[in-house]
Amino acid sequence: MTIQILRALTTATTVVTVDTDDRKLETVRQMGADEALLSGDEAITRIKDLTGQQGAEVILDMVGIDPTLRMAAQVARVLGHVTIVGLGGGALPVDFASPPHECSVASPYWGSLPELMEVITLAQQKKIRMLVEHFP
């Protein structure tokens with residue numbers, strides 16, 4: 001849903017997703033991602049190439065584990081922004097050079113009631129849809 005919300009509410013020019021599962025990457029392509037990359041060093045290189053070696057302006061880490069946070073720090077740009085949404089319990093590596101200088105980091109835990117109403121409105125307008133998988 002994140003990709004759909006980005007498409008509905010922002011002027012993001014390129015949406016890149018990274019995952020370890022090819023099936024999930026196919027799904028994000030169908031949801032509107034411009035690039036769907038298998039996690040790893042090649043994904044980091046591709047993101048750097050896509051951004052003229054500057055790095056991504058906004059990173060939304062929907063997992064929040066050590067490897068994804070490490071990648072977030074590696075692909076962020078100077079004056080970029082990293083939002084840690086996932087509650088995986090990882091730690092963002094921070095030192096003088098990582099994340100890049102003046103890159104902001106946020107870890108929101110919930111949204112406001114007006115934000116929830118915005119999401120409901122997007123669903124009512126059929127701008128976003130949920131994919132549901134049922135488990136026994």
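# Reading patches, cores and bridges

Trainee: Which residues form a nonpolar patch on the surface?

Mentor: Patches are made of residues with over 30% relative accessible area and no salt bridge; nonpolar side chains (Val, Leu, Ile, Met, Phe, Trp, Tyr) are joined within 5 Å, like charges within 9 Å. Here the nonpolar patch consists of Val58, Leu60, Met62, Val63, Ile65 and Val85, with about 450 Å² of accessible area together. Accessible areas come from the Shrake-Rupley method with a 1.4 Å probe, and for residues only the protein chains shown count as cover.

A word on the model. It is predicted: local features need pLDDT of at least 70 and side-chain atom pairs pLDDT 80 or more, while totals for chains, interfaces and linings use all residues. Residues are numbered from 1 along each chain as its sequence is written, and side-chain values use heavy atoms, without hydrogens and water.

Trainee: Where does Ile65 lie?

Mentor: First, how elements are named. Helices (H or I, at least four residues) and strands (E, at least two) are DSSP runs, numbered from the N terminus. Ile65 sits in the loop between β3 and α4.

Trainee: Is Ile65 exposed, partly exposed or buried?

Mentor: Buried means under 20% relative accessible area, exposed means over 50%, and partly exposed is in between (1.4 Å probe, protein chains only). Ile65 has a relative accessible area of 34%, so it is partly exposed.

Trainee: Now the inside. How many residues has the largest nonpolar core?

Mentor: A nonpolar core is a set of buried Ala, Val, Leu, Ile, Met, Phe, Trp, Tyr and Cys residues joined through side-chain atoms within 4.5 Å. The largest one here has 16 residues. Ile47, Ile59, Met71, Val75, Ala76 and Val82 have the most contacts inside it. At least two residues of this core come from each of α3 (41-50), β3 (56-61), α4 (66-75) and β4 (76-84). With five residues, α4 gives the most. A second, separate core has six residues, among them Ile3, Leu25, Ala33 and Ala36.

Trainee: What do the buried residues of α4 pack against?

Mentor: Look at Leu69, Met71, Ala72, Ala73 and Val75, which are buried in α4. The buried residues of this helix pack against β1 (16-19), α3, β3 and β4. Take Met71 as the example. Contact means heavy atoms within 4.5 Å. Leaving aside neighbours within four places in sequence, Met71 is in contact with Val18, Ser39, Gly40, Ala43 and Ile44.

Trainee: How many salt bridges does the structure hold?

Mentor: A salt bridge is a side-chain nitrogen of Lys or Arg within 4 Å of a carboxyl oxygen of Asp or Glu. The structure holds four. One of them joins Arg7 to Asp34, with the closest N and O atoms 2.5 Å apart. Arg7 is in helix α1 (residues 2-9) and Asp34 in the loop between α2 and β2 (35-38), so the pair ties together parts 27 residues apart in sequence. Arg7 is partly exposed at 32% relative accessibility, and Asp34 is partly exposed at 42%.

Trainee: By how many residues are Arg29 and Glu26 apart in helix α2?

Mentor: Three, which means about one helical turn between them. Arg29 and Glu26 form a salt bridge, their closest N and O atoms being 3.5 Å apart.

Trainee: Which residue has a side-chain oxygen reaching the backbone nitrogen of Arg23?

Mentor: Here we read a polar contact: a pair of N or O atoms within 3.5 Å. Within protein, one must be able to donate a hydrogen and the other to accept it, and residues adjacent in sequence count only if both atoms are side-chain atoms. At the start of helix α2 (residues 22-30), a side-chain oxygen of Asp21 comes within 2.8 Å of that nitrogen. The side chains of Asp21 and Arg23 also form a salt bridge (3.1 Å, N to O). Asp21 counts as buried at 18% relative accessibility, whereas Arg23 counts as exposed at 66%.

Trainee: Now the backbone. Is the peptide bond from Ser98 to Pro99 cis or trans?

Mentor: Most peptide bonds are trans, and most residues other than glycine have a negative phi. The bond from Ser98 to Pro99 is cis, with omega near -5°. Ser98 is in the loop between β4 and β5 (104-106). Not counting residues up to four places away in sequence, Ser98 touches Ala73 and Pro93.

Trainee: What is the phi of Gln53?

Mentor: Near 70°, a positive value in a residue other than glycine. Gln53 lies in the loop between α3 and β3. Leu79 also has a positive phi, near 65°, but Leu79 is in strand β4.
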